[in-house]
Amino acid sequence: MISLALLSAMIFPNAYADSPADAIDMVEKGLAYVKKNSVEALIKEVNNKNPEFVKGDLYLVVRSLDGTTLAHPINPKLIGKNMIVLPDADGKFFRKEIVEGAKAKGKGWVDYRYNNPVTKQLENKSTYYVRSGEYTLEAGIYKGN
């Protein structure tokens, strides 16, 4: 039975893809860490690729409300950069939508297209975000092409 599951995972890799609940859980884990420690401590842990905050193509991002990326475990080149004015492949300003949504509603979802670090393909992605003070904590799930 186990070999059948492994074979299915190889043939149908998206059959075991992350779910919206996984993204919510990742953000909640980040919020709990902030409450217990500090946002500065979380930023350090995320940037150090702590496995609690990175699981394959599901990972936590911390952004300030001005749009500056403060923690990104997959692409450290983004840390310290404000890319709020850069759109996705379809022209959507998803980072701006996340920041504005965090300011207005406190939490929500944003859909856009982004390069999956595991498949190296441009894919549909849905990111869950929550405002925590002057920051957003974000985790997204890839949905394939």
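1. A residue is called exposed when its relative accessible area is over 50%, buried when that value is under 20%, and partly exposed in between (1.4 Å probe, protein chains only). Val 85 is exposed because its relative accessible area is 60%, and this residue is found in the loop between strand 3 (69-71) and helix 4 (94-105).

2. This is a predicted model, in which local features need pLDDT of at least 70 and side-chain atom pairs count only at pLDDT 80 or more, whereas totals for chains, interfaces and linings use all residues. Residues are numbered from 1 along each chain as its sequence is written, and side-chain values use heavy atoms, with hydrogens and water left out.

3. A cavity is a set of points, on a 1 Å grid over the protein atoms alone, where a 1.4 Å probe fits but cannot get out, and lining residues have an atom within 4 Å of a point. The count comes to 1 cavity of 30 Å³ or more, and the largest cavity holds about 140 Å³ of space.

4. Of the 16 residues that line the largest cavity, Val 61, Arg 63, His 72, Tyr 112 and Glu 138 lie nearest its centre. Two or more lining residues come from each of strand 2 (58-64), helix 4, strand 4 (107-115), strand 5 (122-132) and strand 6 (135-142).

5. A pocket, by contrast, is an open set with protein on both sides within 12 Å along at least five of seven lines. The second largest pocket has about 180 Å³ of space, and its lining includes Tyr 59, His 72, Arg 113 and Lys 120; strand 4 gives the most to this lining, with 3 residues.

How values were computed
Helices (H or I, at least four residues) and strands (E, at least two) are DSSP runs, numbered from the N terminus. Grid points are joined across faces, edges and corners, and a volume is the space filled by probe spheres set on the points.
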